[in-house]
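Please examine the sequence and structure shown here.

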Amino acid sequence: MSEPSILVQKNVSLQAFNTFGIAARARELLVIRDVESAQAAVRSGLLRDRSLFILGGGSNIVLTADVSALVLKVEIPGMALVGETDRHWIVAAGAGVDWHEFVCWTVAQGWPGLENMALIPGVCGAAPVQNIGAYGVELQDRFEALDAIDLQTGEPFTLRADQCGFGYRDSVFKHAPAAPLAMGLKGRALITQVRFALPKRWVPELGYLDLQKQVAATGIDKPTPQQVLDWVVGIRQAKLPDPKVIGNAGSFFKNPTVSVEQCADIIGREPNLVHYPLPDGRIKLAAGWLIDACGWRGKSIGLAGVYEKQALVLVNRGNAQQAVTGGEVMTLAKAIQTSVFERFGLMLEPEPEVV
Ligand code: EPU
């Protein structure tokens, strides 16, 4: 069999490939459309001894400069039911499939379970990287396994959930391989397919306040999966900017966790602090509330702004001709971190990858 051809594009604009709409360029970019062409690229030696940057939907990155690493843009398609057990449907998505399209398709096919994560921007291959989550459900709750290829050897491998190191917006794919224990897989693995175990005995997950409000408003306490999906879409559209209209990368900071004592100390000074107890005994704080309390909602630095309806989201106030720069976004992010630190003694951690 002949090797698939490898076409490296030079000096490619990444503006349409990152949801912030930042106008950076890639020195070299290779589109990966299937497993075989990824393996052929490894075998050709093209990837050897150089830094690689894996680009999915570009919905969780801030580009602060042109990218000198070789960009591997993943566009592997495909959605299919690949198996079933007594309790689950096993459904697979190619790494390049749009996440929301996949969620809608699974629900339409009668395989529910992903509806609380509707409308999260990005592609299926990126979903495990930061263990996406919303409205009480995280990817790891529905994850079966993923296939990837080793970018040094070209060998395919499969990881189960317990091998992915999932945490809050975290996984092994976010961490560089650390010698001598090579735990991290960042830049080392290219995810090609993700499989989900979707429950045959589905019950809606309605614990979040925003969803309880929908139950109360509609009087429907036993919604169908499609109804939950529609509710989540409505909630997100009401308070999060559509990246096709206003550039953004979703939540810009992680929600911090504190000890019970630290939380009590802050509440002593800030009685309205929004806080949620976690199963492990720690307390989660709402970064959006902390930023809002510091007066940042609706403010801007240059073309980088804080979204009016949700202070956790930083937005591009420019346009395609004059877009925000990654530098402006990071200047705003640092100013926010400083305010929050000075008032609450907490250092917010950015959620997107700063490139
Ligand atoms: N709040 C404010 N002012 C603001 C923003 C929020 O007071 O400007 C308050 C809200 O009223 C609420 C609390 O902060 O009491 C939390 O806000 P919200 O329910 O909107 O959720 P979040 O913690 O800001 C997280 C995820 C979102 C996810 C939602 C729903 C993170 C970093 N973000 O946001 O995920 O959609 O919960 O589950 O965990 C993303 O990761 O990109 C993302 C959008």
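The report below treats these topics in turn.

## Basis of the model

This is a predicted model, in which local features need pLDDT of at least 70 and side-chain atom pairs count only at pLDDT 80 or more, while totals for chains, interfaces and linings use all residues. Residues are numbered from 1 along each chain as its sequence is written, and side-chain values use heavy atoms, with hydrogens and water left out.

## Domains

The protein is divided into domain 1 (8-74), domain 2 (79-199) and domain 3 (248-354); the bounds come from an automatic or database domain assignment. Between the C-alpha centres of domain 2 and domain 3 the distance is 27 Å. Five residues from domain 2 and four residues from domain 3 make up the contact, where contact means heavy atoms within 4.5 Å.

## Nonpolar cores

A nonpolar core is a set of buried Ala, Val, Leu, Ile, Met, Phe, Trp, Tyr and Cys residues joined through side-chain atoms within 4.5 Å. Buried means under 20% relative accessible area, exposed over 50%, and partly exposed in between (1.4 Å probe, protein chains only). The largest such core holds 44 residues, and Phe20, Phe252, Phe253, Ile291, Leu314, Val329 and Ile336 have the most contacts inside it. Helix α8 (residues 326-344) supplies the largest share of this core, seven residues; helices (H or I, at least four residues) and strands (E, at least two) are DSSP runs, numbered from the N terminus. Because domain 1 (8-74) and domain 3 (248-354) both give residues to this core, it lies between them. A second, separate core of 43 residues includes Leu114, Tyr135, Val172 and Trp202.

Leaving aside neighbours within four places in sequence, Ile291 is in contact with Phe253, Trp296, Ala311, Leu312, Ile336, Val340 and Leu348. Leu314 belongs to strand β19 (residues 313-316) and is buried, with a relative accessible area of 1%. With the neighbours within four places in sequence again set aside, the contacts of Leu314 include Phe20, Phe252, Val329, Leu332 and Ile336.

## Ligand shell

Around the ligand there are 22 residues, of which Tyr135, Tyr168, Asp292, Gln310 and Ala311 come nearest; a residue is counted if one of its heavy atoms lies within 4 Å. Polar contacts are pairs of N or O atoms within 3.5 Å; within protein, one must be able to donate a hydrogen and the other to accept it, and residues adjacent in sequence count only if both atoms are side-chain atoms. A ligand oxygen atom lies 3.1 Å from an N or O atom in the side chain of Arg169. A polar backbone atom of Ser251 is 2.9 Å from an oxygen atom of the ligand, and a polar side-chain atom of Gln310 is 3.1 Å from a ligand oxygen atom.

On its own the ligand has 830 Å² of accessible area, of which the protein covers 82%; the areas come from the Shrake-Rupley method with a 1.4 Å probe, and for residues only the protein chains shown count as cover. The elements giving two or more residues to the shell are α5 (225-239), β13 (248-251) and α7 (287-293). The largest share, three residues, comes from α7.

## Loop residues

Most residues other than glycine have a negative phi. Asp49, in the loop between α1 (35-43) and β3 (52-55), has a positive phi of about 55° and counts as exposed at 78% relative accessibility. Asn131 has a positive phi near 45° and lies in the loop between α2 (99-109) and β8 (133-134); Asn131 is buried, with a relative accessible area of 0%.
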